[in-house]
Amino acid sequence: MTQTQIETPSKPATDLKEIASDIVSRAVARGATAAECVVREGDEFSTVVRLGQVETLKESGSKSIGVRVFFGKRAASTYSSDFSRSGLDRMLKSALELAKITSEDPFSGLPEASQSGSLTSNLDLFYEDVYSLSGESRIDYARRAEKTALDFDPRIQNSDGGSFDAATGHKVLANSHGFVGEYRRSYCSVAAVPIAQDESGAMQRDYWFSVARSLSKLEPAELVGKIAAERTLRRLGARKVKTAQVPIVFDPLVATSILEHIFEGVNGDAVYRGASFLAGKLGQKVAGDNLTVIDDGTMPGGFGTSPFDGEGIPTRRTVVIEKGVLKSYLLNTYTARKLGLQSTANASRGLAGTPGIGPGNYFVEPGPRSPKEIIAGISEGLYVTEFLGHGANLVTGDYSRGASGLWISGGELAYPVEEITVAGNLKQMFFNISEIGSDLEFRGAVACPMIRIDGLTVGGA
Amino acid sequence: MKTDKFFFEHYGLTERDLERYLAPALSAGGEYADLYFEYLTSTSLMVDESMVKSASQGISAGCGVRVVSGERTGYAYTDDLSPARILHAARTAALIASGPAKEPVVGFQEKAARSLYPVTLPSVDAEITAKVELVMRADKAARAADPRIKEVRASYADELRNILVIGSDGTFAEDSQPLARINVFCIAKTDGNSARGSAGGGGRVALDFFFGEKTPEHFAKEAARQAILQLDAREAPAGEMEVVLGPGWPGVLLHEAIGHGLEADFNRKKTSAFAGLLGQRVASEKCTIVDNGTMPWRRGSLNVDDEGHPTQNTTLIEKGILKGYLSDRLSAKLMGMADTGNGRRESYEHIPMPRMTNTYMLSGDDDPQDILRSVKRGIYAVNFGGGQVDITNGKFVFTASEAYLIEDGAVTAPIKGATLIGNGPDVLTRVSMVGNDLQLDEGVGTCGKDGQAVPVGVGIPTIKVDRLTVGGTAKRDTGGFMQ
């Protein structure tokens, strides 16, 4: 194979902003009291190289459109992938008709016109260079990541492959307040998933990856392959441990899941229903003094950055928890009205349905000590590198998950462990975070340094 | 609606067009090429705080072109079904191969049609009032079930997926696949205490299904019952113990513990803990497990898979011996095995791969009451949330949402949700009793693999697992269950 680029047939000259605005005005012309239209367009490339051979190669693009209409306090939404005149007509007509069967909800509606807007500074989100590599070079990126892992140690003879992905997305939002906004984002990533086998024949798999908005910021394939190999090898020979209560250290990649539980807890939707363990606790201590949690949709180059949220409100920085005190929930327009508060510009909108709530760049502020120092302070404990399953109950705070990782003994990582569970209650867990590492690093929109939590139960043999 | 030739009628496609699209797909060599046309309409309704807060409908259509060359797969798709776009996708996918052009077979052969599920007219507008009524009834029934039920969300969602698969070997398959479900979620509250419950069901059914036996009230009462029960749940024990699984949805154990590990792609690549175990004992002799895509109206059933191959009833484990894998076209060919009709994909944007349909264990001889009576100390788990598996080391988890302590053969206090963790290749060797009460789940399962979600079914009779790790929090002195 020598190339993967083919001349694209010419697209009809259509401006997505015009299409979105047109749908909004047509909805209003046909009696809607308010309307909002979203258009999403994207391209993706992905390749997987396994044992040195190209396994899959995928390249495509797609476009879709969604509309939400209001008749007073009634709302409905429809979407389509058909941009033909008749396709768009049908979508709009369905939405107008569907709104007849929904209920009047006093809290429904678009944001106030005065809230609409878009950040104007350069947010550093789009780089055309993610597609600048030739097809062969993209495959080579994936190949080098996998090869480094396969060459790293004789115990690594198999693999789920190395991969290289690139994508760009273009989003347009228009509403009947006259707001029309758009932004483009790019993305590329490289990953390796080696499989190691020990003398007994038991296999372990792990992975590592790098992700960036620009190819120039992507980490070298060889570094990704090497870390993936190290992470896989350290799992070989894993054993079970006895049931015990010991300090537990969460690797940054799994610590983000703890942070996500806080997100679910401050999600306005769960809060107004009283379905969150953090509901009604604004201004109260919900965690130890060492915990500060921020949501910031404005960070240049961030994976959770955008100039406006899913309802066309400029994104912002919100302190969620400051030194253990709950400062703010994360809200969209609907949940803000329900709670008598202001939206925090966290609306997330798919093509259909009512807007949900999503994070911007959502993270825990780093602490003073390095990962090595944190582990050195533990005589017997568990270092969790992977969770299996999703056993967190946000209503009660009950928490129970499958885990694997490394046992800590005498301040050092001693041996791998698996087939164990970690259980506790979220309400107490955040007070029991005894260490937060200095190693904050963004590999996605949600990021957390290493953390240590005490008082959890490790379930084993 | 006449479902035959949906794409011919809607997009003016002809057989000649289809042959014309396959030719560029094989223009750079490649052994096989196929096109997957999909036209999906969907509706969803949500009642929340007793109001219809959300109603949405949508249409998604597109075509995916796949070219296979040895172990290589090239893939491209378009959401614009114009000839120029489909030809472009075909030429892009073709680049995976490098060799002289091949000619597709001329003349398509349609596989014998089957009809496992009803196909009703997508007269969405005529039925929408009835759908709203269903969801409102669910809301009302959940609230009426108990004064402690304070928060109810009920939803209805359906879709009709029309597909056409054509292959360069003459494969020609069309299908119209309905899918519908009702879900009820509620929260029970007392002073200082709250708990959640959820229930739902459906399948490849028409709307009348929900006006028959499986009414909205059926699901609403079940969701309310679970929430109320959880108000008084005690802490779950921690450690290894005897576990009895109730019939139905706990079959998710099979899905996670062995189902994924038996998908042929993982075994072809030797990345599964089950690789190389065909013909060997992987379960107790009481266990016979199948994956059956041919059950009428079930959520995981399909007339044909997403490669146009008829689904079948595949025996995975017979009396404890591993008998077969679940394969798609690619793995079947590379492994020299039969294609079991398990090639599935989430949509036209995705490459098909081996996936489960309805996976379940056949009934045994034991009386479920005898099974419970045989347990001295353990837990009885009857409802689960999701699960997950690492197919390489075989470790799997699934999380109980409704479970009880068993003490001296009697089911006693309800316990809080706990994760159960085990090792796929040996958990079923510890199944010592199998009940005579096989049930399938109500029809809400969705399975994720490599970022692709597909609807599936699971089922199991009451079984006893002699030893499984339970991830609770109870201290030794309060629970007495830590070993």
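A residue counts as buried if 20 or more other C-beta atoms lie within 10 Å of its own, as exposed if 12 or fewer do, and as partly exposed in between. The views below show a predicted model.

**Figure 1. K323(A) lies in the loop between strand 11 (317-322) and strand 12 (325-326) of chain A.** K323(A) has 14 C-beta neighbours inside 10 Å and therefore counts as partly exposed. Its phi is positive, near 45 degrees, in a residue other than glycine.

**Figure 2. D124(A) lies in the loop between helix 2 (85-98) and helix 3 (135-152) of chain A.** D124(A) is not a glycine, yet its phi is positive, at about 65 degrees. Because it has 13 C-beta neighbours inside 10 Å, D124(A) counts as partly exposed.

**Figure 3. Helix 3 of chain B (residues 83-94) and its surroundings.** At 1.5 Å a residue, the 12 residues of this helix should span 16 Å, and the end C-alpha atoms are 16 Å apart, so the two values agree. The buried residues of helix 3 of chain B are R85(B), I86(B), H88(B), A89(B), A90(B), T92(B), A93(B) and A94(B). In chain B, these buried residues pack against helix 2 (15-25), strand 2 (51-69) and strand 3 (72-78). They also pack against strand 2 (53-71) of chain A.

**Figure 4. Packing of helix 2 of chain B against helix 3 of chain B.** Helix 2 of chain B passes helix 3 of chain B in a right-handed crossing. From helix 2 of chain B, the contact is made by D17(B), Y21(B), P24(B) and A25(B). Helix 3 of chain B contributes P83(B), I86(B), L87(B), A90(B), R91(B), A93(B) and A94(B). By class, this contact has 9 nonpolar and 2 charged residues, and no polar ones.

**Figure 5. The contact between chain B and chain A.** Chain B provides 70 residues to this contact and chain A provides 66 residues. On the side of chain B that touches chain A, strand 2 of chain B gives the most, with 12 residues. By class, that side of chain B has 25 nonpolar, 30 polar and 15 charged residues. Strand 2 (53-71) of chain A is also among the elements that the buried residues of helix 3 of chain B pack against.

Definitions and conventions:
Residues numbered from 1 in each chain as written. Chains lettered and ligands numbered in written order. Predicted model: local features only at pLDDT ≥ 70, side-chain atom pairs only at ≥ 80, totals over all residues. Helix = DSSP H or I, 4+ residues; strand = E, 2+ residues; numbered from the N terminus. Expected span 1.5 Å × (residues − 1). Contact = placed C-beta atoms within 7 Å. Axes fitted to C-alpha atoms, helices over the stretch in contact; angles between N-to-C directions. Left-handed = near helix turned anticlockwise from the far one by under 90°. Nonpolar A, V, L, I, M, F, W, Y, C, P; charged D, E, K, R; others polar.
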